[in-house]
Amino acid sequence: MKVQVFEFKEEFAKGVEELYNTLGWKFSPKLINIWKGLRNYSKVLIALSDDRVVGKVTLDVAFPPYAEIVNLIVHPEYHGKGIGTKLIEECIKISETKGHNIQFLMTEYDNIPALNLYKKFNFYPAILSKRKQLWLFRFGKGSFVENFLKAHPLFEFKVSRKKVSFHGEKFYKISFADIMSNAHLKVYFRGQPGQEGTMPRIAGISFMEGKKAFDLVVYETPFELGIFNYGEGVSLKIEALSPNGPEVFIEKQVLRLSRNQNERVRIDFKKIRDFDTPLDYLSFRTIVASFRINEKFVISIGKDCR
């Protein structure tokens, strides 16, 4: 069976409506104009087989380096035929081409076919809940997690079932630990299960490798980056990695810390007149600004605009 993936065009509208009706979803003609207007921030992808719409997914790429994969659906008659695989492959390809190398999505604990699909693409559970909802994150080409795992292929993965404390904040946590050494990478997430509230994002990092050991954490009341150095002296360069529009402020862009030295740096951002990201039509009404530390570690702050 030949399957092709295309970005949504008006000629696919009838097929998408039929797919929605099959699944019991409502399709409004207004969606066509919304999808066309969101092309700078969101891609709606359609899977075709013999000119029939058999799958659809939305990819949001508003806030680098994140890309959210939303509402992956496949026609019931085409389950198990690789439609979902094709759509996820295209989402990853598009997002990484745009420099969005951290993908995330939401699913349910008991959706075994979906979990098996996402496992093929190295999505890791990150935010879990008792309501059977969870966020999965994938760390793609050039991401700091991928770099760590390449250097430490014999690793143990763990995920917290609930929030944990990290330098005075409460986060969800995943960890990768080299089973042959003391090297570890722990990633902390701010957010909540489900799509209520703010966009999930990386808010803390704990890194240990050889003589290097430090923690990074962002505080949002007020906005600050906390650095806690436990290893040899380290030099950290902070640079903004934010969407077009917000004006980003970094109090100090280069820090040099000796062993056991801690420091807090004020960081912030504000919307400017040119900021035109259509928050009303994305999954979250959250503006997210991210910061890259030493050209690899990524950490993010956000403002809820509801």
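Tyr124 is found in strand β6, which spans residues 123-128, where strands and helices are DSSP runs numbered from the N terminus, with at least two residues (E) for a strand and at least four (H or I) for a helix. The model is predicted, so that local features need pLDDT of at least 70 and side-chain atom pairs count only at pLDDT 80 or more, while totals for chains, interfaces and linings use all residues. Residues are numbered from 1 along each chain as its sequence is written, and side-chain values use heavy atoms, with hydrogens and water left out.

## Surroundings of Tyr124

At 15% relative accessibility, Tyr124 counts as buried; buried means under 20% relative accessible area, exposed means over 50%, and partly exposed lies in between, with a 1.4 Å probe and protein chains only. Leaving aside neighbours within four places in sequence, Tyr124 is in contact with Trp135, Leu136, Phe137, Phe139, Leu149, Phe155, Phe157 and Phe176, contact being heavy atoms within 4.5 Å. The C-alpha atoms of Tyr124 and Phe27 are separated by 32 Å, and these two residues are 97 residues apart along the chain.

## Salt bridges

Side chains of opposite charge can pair when their charged atoms come close. The structure holds 16 salt bridges, each defined as a side-chain nitrogen of Lys or Arg within 4 Å of a carboxyl oxygen of Asp or Glu. The table gives three of these pairs.

| Salt bridge | N to O distance |
|---|---|
| Glu7 and Lys43 | 3.9 Å |
| Arg190 and Glu169 | 3.4 Å |
| Arg264 and Glu224 | 2.9 Å |

The salt bridge between Glu7 and Lys43 links distant parts of the chain, with Glu7 in strand β1 (residues 4-7) and Lys43 in strand β2 (residues 42-49), 36 residues apart. Glu7 is partly exposed, with a relative accessible area of 32%, whereas Lys43 is buried, with a relative accessible area of 13%.

Arg190 forms a salt bridge with Glu169, and this pair likewise links distant parts of the chain, from strand β11 (residues 184-190) for Arg190 to strand β10 (residues 169-178) for Glu169, 21 residues apart. Arg190 is buried at a relative accessible area of 15%, and Glu169 counts as buried at 18%. Both residues belong to a network of salt bridges in which Glu169, Arg190, Arg201 and Glu220 are linked.

For the salt bridge of Arg264 with Glu224, the distant parts of the chain that are linked are strand β18 (residues 262-270), holding Arg264, and strand β14 (residues 223-229), holding Glu224, 40 residues apart. Arg264 is partly exposed, with a relative accessible area of 46%, while Glu224 counts as buried at 15% relative accessibility.

## A nonpolar surface patch

Leu154, Ile179 and Met180 make a nonpolar surface patch of about 350 Å². Patches are made of residues with over 30% relative accessible area and no salt bridge, like charges being joined within 9 Å and nonpolar side chains (Val, Leu, Ile, Met, Phe, Trp, Tyr) within 5 Å; accessible areas come from the Shrake-Rupley method with a 1.4 Å probe, and for residues only the protein chains shown count as cover.

## An open antiparallel sheet

Four strands form an open sheet in the order β17-β15-β19-β20, with antiparallel pairing; two strands pair if DSSP finds at least two bridges between them. The edge strands, each pairing on one side only, are β17 (254-257) and β20 (297-304). Eight bridges join strand β19 (residues 286-293) to β20, and the two run antiparallel; the bridge partner of Ile287 in β20 is Lys303.

## Backbone features in loops

Most residues other than glycine have a negative phi, and most peptide bonds are trans. The peptide bond from Pro64 to Pro65 is cis, with omega near 5°, and Pro65 has its place in the loop between β3 (52-60) and β4 (66-74). The peptide bond from Thr221 to Pro222 is also cis, with omega near 0°, and Pro222 lies in the loop between β13 (212-220) and β14.

Asp50, although not a glycine, has a positive phi of about 55°; Asp50 lies in the loop between β2 and β3 and is exposed, with a relative accessible area of 72%. Glu295, again not a glycine, has a positive phi of about 65°; Glu295 is located in the loop between β19 and β20 and counts as exposed at 58% relative accessibility.
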